[in-house]
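Let's take a walk through this structure together. Have a look at it first, and then we'll go piece by piece.

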Amino acid sequence: MISINPFSEIGTFIPSFVMQTYVVAMFLLVIGATIFDVIHKKSAKYFFNNSVKAKKSATRNVGSGEKASLAFKTATNEVLTSSEFCSTRRRLAHLLTMYGFVLFVIATAVMIFSYSAPNSMTPSIWPLMWHLGAAMLCLGGYWFWFFIRVDVAAEGNKWYRVMRADLFVLSLIAMATFALIWSYLQSSQIAIWQTLFFGLFIISSTVLFGGVLWSKFAHMFYKPAAAYQKRVTKADGSRENLPEPADLPEKFGLGIKREAPRHY
Amino acid sequence: MPTFVYMTRCDGCGHCVDICPSDIMHIDKTIRRAVNIEPNMCWECYSCVKACPQNAIDARGYTDFAPLGHSVRVLREEEKGTISWKIKFRDGREKNFLSPITTQPWGEKIPKLGELEVPDQEALDSQLLCFEPDALNVETGLPVISKDKLKEGVYY
């Protein structure tokens, strides 16, 4: 199962250009909806005004070299290793879903654009990456959904209480789950169920990529911008009006670490 | 001064939801970030402000005595055991305050209620709270005011 390209298997029923058009349409939907979202919610304007305000209370100038170094640090810390999360569990779950999503999307694009013809020979690395990405998405996603999600962990709600904020994570988990089930059924040659789960896979991925306006999909674009701005404010001394760190030695150590929010 | 949340700084960890004694810090149903759902009911304890690991919660002053443009921000450093406050006035003046979180090593003075004797009905009906009057350091007990000493014009 994990070494078979599921898209070349269905290539006999669905022409390659249809699959490729679908991928391009999803890509355009994400870009278009994100740009519309930025304009509609005025988030770019907010970020710009915020940086102008921060500059006024800056105590020192940050040069372009230093800014580049801050951008690099943001990329290596906040983007690549999700260091902004204070909870290790959340960070791990986020890294699993993030890298799972990246692997899954890249492998899907490569397999559809290069190896979706019925008799094409797919290098085994791509199906392997696709299945690994889906499995990582499922692992991180279900861990988050059942145990880490703030509604469950801090608000004390049940895992089955669904609301609009769940659109992103639910469609993500559904896409990965249906993809794995579809791939399994395809390798087991169960035709009817295979078609059903392929349909569910397409519906969930369409909701994921087409629902950017209503979900928090766009956080993957604006979170790095917010993290970078935070680093700049620390470097230029404005510190978002926060006090300077106390000039005192570490007195109590980690024994004083705040408790995890689970008092329900 | 009720609190509010900067949505771009909040990561939805739930520490403020957990600590709020008024139960008014909740997670927004659309964007899963913290929000003060009822600022009028905020009793301004600043628990959420201090607990927020992202410094995403701030206090908004009432405009009659704290005009727009001011800022009150707090930084809690657990390892050092300190809380720093920075008050920035509208005209640019600043005041900084630094306080200890506790004057005792953490964990030493936490009462272990489970080890106390179970209170009887008389103790439960009493107006005294747990550890009172001993914890108040009043050797003669709590002061009692007789009814004839109460404010004139108030009837019981």
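How many residues of chain A are in contact with residues of chain B? In this predicted model, 30 residues of chain A are in contact with 35 residues of chain B. On chain A's side of that meeting place, helix 7 (residues 150-153) gives the most, with three residues. Sorted by class, the side of chain A that touches chain B has 16 nonpolar residues, nine charged ones and five polar ones.

Now over to chain B. You'll find three helices and seven strands there, and if you read along the sequence they come in the pattern β-α-β-β-α-β-β-β-β-α. Chain B has 156 residues, and 22% of them are buried. Take the contacts in chain B with a separation of 6 or more: 45% of these are between residues 24 or more positions apart.

Next, the inside. In soluble globular proteins, nonpolar side chains tend to be buried together. Here, the largest nonpolar core has 35 residues, and among those with the most contacts inside it are A:Phe104, A:Leu172 and A:Ala176. Helix 5 (88-114), helix 6 (125-148), helix 8 (167-187) and helix 9 (191-210) of chain A each supply at least two residues of this core. Helix 8 of chain A brings the largest share, eleven residues.

For a close-up, pick A:Ala176. Leaving aside residues up to four places away in sequence, A:Ala176 touches A:Phe104, A:Ala134, A:Leu137, A:Cys138 and A:Gly141. There's also a second, separate core of 24 residues, which includes A:Ala154 from chain A along with B:Val17, B:Cys52 and B:Val74 from chain B.

Conventions
Residues are numbered from 1 along each chain as its sequence is written. Chains are lettered from A and ligands numbered from 1 in the order in which they are written. This is a predicted model: local features need pLDDT of at least 70, side-chain atom pairs count only at pLDDT 80 or more; totals for chains, interfaces and linings use all residues. Two residues are in contact if their C-beta atoms, placed from the backbone, lie within 7 Å. Helices (H or I, at least four residues) and strands (E, at least two) are DSSP runs, numbered from the N terminus. Ala, Val, Leu, Ile, Met, Phe, Trp, Tyr, Cys and Pro count as nonpolar, Asp, Glu, Lys and Arg as charged, and the others, Gly among them, as polar. A residue is buried if 20 or more other C-beta atoms lie within 10 Å of its own, exposed if 12 or fewer, and partly exposed in between; C-beta atoms are placed from the backbone. A nonpolar core is a set of buried Ala, Val, Leu, Ile, Met, Phe, Trp, Tyr and Cys residues joined through C-beta atoms within 7 Å.
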